[in-house]
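Here is a friendly walk through the side chains of one protein model. Have the structure open as you read, and follow the residues from heading to heading.

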Amino acid sequence: ADVKEKLTNAADRAASSKEICDHIVALRKRIVSDESLRYHSAELLRGFEQYAREAIRLAEVGDEHAACASAETAKKIFSEATLSAIEAGPIRSMQNRLAEVEESLPPARVQAATEFLSELRGAVDSARAGELEISTLRKKVGIGRREIEGLTEITDDPGPDDLYEPTPGLGFHPETWKPPKPPTQLWILDRSSSSIKMKWKDRSCVDAANYLELKEGDGPWETVREWGPVSEWVECTLTGLEPDTRYGFRVKAENEYGPNRTPIDKRVYAHTLLDLPVWRVQLMIRTADCENAGTPNDVRVCLNSGSNKHWPRHHFTWLDHGPRAIQPPWQWQNDFQRGAEFTYDMTLKGIRDLADITCIRIEKVGTNALRIAEITLKVNGVDVFDRHFGETAESCLWIDEGDGYQPSYTISHAELRTHEKWQAYVAGPPSPPFQISNEEIVSRIEGIVGHTIHDTKAYWGKRMSNDYVVVTGVDQQTLHVRVNLKAAVMGPNPTLTIDFDLVVSIQCDEESGSAKLTLHSENLEVDADPSGVLGEIASLLDWIPGLDLDGRIEKEIKAAWKPIAEQIVFTTGGLCPTVMVDEYGWIVFSV
């Protein structure tokens, strides 16, 4: 009887523990799939994660009462994070939209929109007090978004002043009785940790005044510069800005008939810097060890915006390493294979400062799902962010174009900045290295080559020695690089050997106390060598006039190859070092 009672109690506790864990996992899955929640409530979600992990740990050891208490606290934090995200996300977005077009709307529509926003804020307060389900609040917000869009829409219908155009031939400009055209060409010229230099171009000849308006983060627009009538390009530098902060810019042109502002899609945004140079960025991705976790699809990572209107911008790296031969026993490990773990060197285009890393966006093409268990971002050899999604099909991160999943996953600016490892890095960044090892150079070049050969006929073959990239010293300023690839062509796939020199130089800036190390490729040579029986047949065919298959492959690869031009910026403390390549293929700095 005692044994039966203990077994029954144990079964009840196990069922209760499973229920607690299932609920925590369900909430974590919602966090992974809701980018707005992660962006606007990153700090609260850190607290949720701490209590969620504690609840799971307590459930595993059978402390049901304590596990329930931790799970309940985690649930409350999650609810507050959701409400805060709704306030800071869609409701604030609607409020900003109304503020932007308020001057151009009839008073009745402004009043209706204001009342509707007030109702939504009241609904959030009701949900926070437990009087309204969050699911019901979400529906109200969805309805409110459509309502506000309708109320704040500005149509192109002619107004009373537009019905009477000035008579042609009287010497008046067609815009004389209209507000001036708003500037649409805005450009960011330079950024520092406390300033942004920008320029904009005037489009009107009837403007009486011009105002540069600035927006910090999601805050309101404020006028920061004022001019009278202007023409052509206008440059200005704004100082006294906060480091590592996003600022928006627009220009208002005005005359006695009214103002016009830069349209939403023409405004520009820029992040100030942190004065923390970046000389190496790596991303570790571990694929989950569960059924159908791996993918053969192409994957790329972006570390800042892809928009032409945002600075920094346009960073991305296609992730492609050569297959690794692992022993014992001998087996091949490919990119994003089930249970595989690879660390990829990112290209540095678009990244020169830690603040230039504004997000981590993992994108995949194709319909073969990728399931990720864990990622880690390294900057200058130090971990600055990591995230463990889970080991099972239910808990890992799914990236796919079908089956209800998204083809990309984004870790926002707020999530990065609130991570404890990012904050620790900013508080104590590492010193620049005195040397770059041959192993690091090989890894960097493999990352660059893997990115470069994307969408070409070149690909990594399988090499038992894993020597896909070999780097040797030529002289004190030159490295020689040999890249061993294969070429995907009709018929036998030849071995593709790419040789080039990598010239190393350094340029110092005494004013900023920094140095720029430049590595650029020269003397490119490509050799396509078919092998095996099919290769012998291809070699015989080369004797036929006009059928130089090897030469054709080499020309195509050369045409598709992008020269390497990598720049690494680091602080020098006012000293300008010299750089030298040693006999082992290392880059060594000395003063």
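Let's begin with tryptophan 187, which sits in strand S1, covering residues 185-191. Helices and strands here are DSSP runs numbered from the N terminus, with at least four residues (H or I) for a helix and at least two (E) for a strand. Tryptophan 187 has a relative accessibility of 40% and therefore counts as partly exposed. On this scale, buried means under 20% relative accessible area, exposed means over 50%, and partly exposed lies in between, with a 1.4 Å probe and protein chains only.

## How to read the model

This is a predicted model, in which local features need pLDDT of at least 70 and side-chain atom pairs count only at pLDDT 80 or more, while totals for chains, interfaces and linings use all residues. Residues are numbered from 1 along each chain as its sequence is written, and side-chain values use heavy atoms, leaving out hydrogens and water.

## Cysteines

How many disulfides does a search of the whole structure find? The search finds one, and it joins cysteine 508 to cysteine 576 with an S to S distance of 2.0 Å. This pair connects distant parts of the chain, 68 residues apart: cysteine 508 is in strand S25 (residues 495-509), and cysteine 576 is in the loop between strand S27 (565-571) and strand S28 (578-581). The cut-off for a disulfide is a pair of cysteine sulfur atoms within 2.5 Å. The torsion about the S-S bond of cysteine 508 and cysteine 576 is about 90°, so the disulfide is right-handed.

Cysteine 508 is partly exposed, at 25% relative accessible area, and cysteine 576 is partly exposed at 46%. Elsewhere, cysteine 68 is partly exposed at 34%, whereas cysteine 236 is buried at 8%.

## Aromatic rings

The structure contains eight aromatic pairs. One of them is formed by tryptophan 200 and tryptophan 227, whose ring centres are 5.5 Å apart and whose planes meet at 65°, so the pair is edge-to-face. Tryptophan 200 belongs to strand S2 (residues 196-201) and tryptophan 227 to strand S4 (residues 221-227), 27 residues apart. Rings of Phe, Tyr and Trp (its six-membered ring) pair if their centres lie within 6.5 Å; planes under 30 degrees apart are stacked, over 60 edge-to-face, and the rest tilted. Tryptophan 200 is buried, at 0% relative accessibility. Ring pairs also link Phe336, Phe342 and Tyr344 into a cluster.

Some charged side chains sit over rings too. Lysine 252 lies over the face of tyrosine 211, 4.8 Å from the ring centre, and arginine 300 lies over the face of phenylalanine 316 at 4.5 Å. The rule asks for NZ of Lys or CZ of Arg within 6 Å of the ring centre and within 35 degrees of the ring normal.

## Salt bridges

Side chains of opposite charge can pair when their charged atoms come close. Counting a side-chain nitrogen of Lys or Arg within 4 Å of a carboxyl oxygen of Asp or Glu as a salt bridge, the total is 30. Among them is the bridge between arginine 46 and glutamate 420, with the closest N and O atoms 3.7 Å apart. It spans 374 residues, from arginine 46 in helix H3 (residues 42-60) to glutamate 420 in helix H8 (residues 420-427). Arginine 46 is partly exposed at 25%, whereas glutamate 420 is exposed at 51%.

Aspartate 383 and lysine 378 form another bridge, with their closest N and O atoms 2.7 Å apart. Aspartate 383 is partly exposed at 26%, and lysine 378 is partly exposed at 23%. Through shared partners, salt bridges also join Arg280, Asp345, Glu440 and Arg444 into one network.
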